Amino acid sequence: MSSTPTENTANDSVLTEHAYDGIEEFDNPLPGWWKWLFIACIAFCPPYFLYYHGGTPGRSIEETYSQALAANTRLQFAEIGELQPDEATLVSFMEKDNWLRVGKIVFQTHCVSCHGREGEGKVGPNLTDESYKNVKKIEDIASVINNGAAAGAMPQWSNRLHPNEVVLVAAYVASMRGEMLEGPRGAEGKEIPPWPEAVATPESDSASE
């Protein structure tokens, strides 16, 4: 078998000077469109990474899904009616994970700039410790959300949120208590008694069975 490379009679390709174990290669450059597509992909990567993975809330696939799920859940508000921001309702919804998820999305959409993504506190106080400035009982959380506090430092949300969203986000905030996350602000206000225990209802008993 001859080791002399066969001439390429089909086109005018030129052999390169590279040879590996007697195997030579033609100098066949990649098509121009392929090179530009490759360059475009590389150029697209940094803005894509910064937009979807740069830490901005609400842009990841998981968070987008959660927001869509919460929006769909709001359509189901008809099945629970208009919730009242009283003690029994708030304590009850602290135990309902599907509705508490809606409260979490409301919190992450509107509250993270002041209270931190996990409630650890930023401009606003830490919501995960045992001390509270404007809350003495659990229903005061919904009242603060509805009416604001601290001369407007905590804005009024009653004109921007559905009443059920207020109750659900209040239940979610109440559920953060005791996590004791570290934040830039120390404990503020006074320690208050624990939240009341949820009272089991026949409906919840039958659902658990």
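This is a guided tour of one predicted protein model, stop by stop, for a reader with the structure open in a viewer.

Because the model is predicted, local features are taken only where pLDDT is at least 70 and side-chain atom pairs only at pLDDT 80 or more, whereas totals for chains, interfaces and linings use all residues. Residues are numbered from 1 along each chain as its sequence is written, and side-chain values use heavy atoms, with hydrogens and water left out.

**The whole chain**

Begin with a cartoon view of the protein, whose secondary structure comes to nine helices and four strands; helices (H or I, at least four residues) and strands (E, at least two) are DSSP runs, numbered from the N terminus. Followed from the N terminus, the elements run β-β-α-α-α-α-α-α-β-α-α-β-α. Of the 209 residues, 31% count as buried, where buried means under 20% relative accessible area, exposed means over 50%, and partly exposed lies in between, with a 1.4 Å probe and protein chains only. The protein exposes about 14,200 Å², of which carbon and sulfur atoms supply 56%; accessible areas come from the Shrake-Rupley method with a 1.4 Å probe, and for residues only the protein chains shown count as cover. Among contacts (heavy atoms within 4.5 Å) between residues at least 6 apart in sequence, 60% join residues at least 24 apart.

**Helix H1 and its ring pair**

Next select Trp34 and Phe38, which form a stacked aromatic pair, 5.7 Å centre to centre and with 15 degrees between the planes. Rings of Phe, Tyr and Trp (its six-membered ring) pair if their centres lie within 6.5 Å, and planes under 30 degrees apart count as stacked, over 60 as edge-to-face and the rest as tilted. The two residues are four apart in helix H1 (residues 32–53), so about one helical turn separates them. An α-helix has 3.6 residues a turn, so residues three or four places apart point the same way. A search of the whole structure finds five aromatic pairs.

**Helix H8**

Move on to helix H8 (residues 163–176), which has 14 residues and reaches 20 Å from its first C-alpha to its last, close to the 20 Å expected at 1.5 Å a residue; the expected span is 1.5 Å times one less than the number of residues. Twelve of these 14 residues are buried, so H8 is largely enclosed by the rest of the structure. Select Glu165 within it, a residue that is buried with a relative accessible area of 9% and that touches Arg74, Phe77 and Val106, not counting residues up to four places away in sequence. Just after H8, Gly178 takes a positive phi of about 90 degrees.

**The largest nonpolar core**

Which residues touch the most other members of the largest nonpolar core? Of its 37 residues, they are Phe107, Val135, Ile138, Ile141, Ile145, Leu168 and Trp195, a nonpolar core being a set of buried Ala, Val, Leu, Ile, Met, Phe, Trp, Tyr and Cys residues joined through side-chain atoms within 4.5 Å. Helix H4 (87–93), helix H5 (97–110), helix H7 (139–147) and H8 each supply at least two residues, and H8 gives the most, with ten. Centre the view on Phe107, whose contacts beyond four places in sequence include Val169, Tyr172, Val173 and Met176.

**Charges over rings**

Now show Arg160 with Trp157, where the charged end of Arg160 sits over the ring, 4.1 Å from its centre. A charge sits over a ring if NZ of Lys or CZ of Arg is within 6 Å of the ring centre and within 35 degrees of the ring normal. Then turn to Arg177, which lies over the face of Trp195 at 4.5 Å from the ring centre.

**Loops to finish**

Ile192 lies in the loop between strand E4 (190–191) and helix H9 (202–208), and it is buried, with a relative accessible area of 14%. Its C-alpha atom is separated by 6.7 Å from that of Ser131, 61 residues apart along the chain, and its contacts beyond four places in sequence are Glu130, Tyr132, Val135, Lys136 and Arg177.

Most residues other than glycine have a negative phi. Ala151, in the loop between H7 and H8, has a positive phi near 55 degrees and is exposed, with a relative accessible area of 90%. Finally, select Met180 in the loop between H8 and E4, where phi is positive at about 55 degrees although the residue is not a glycine.
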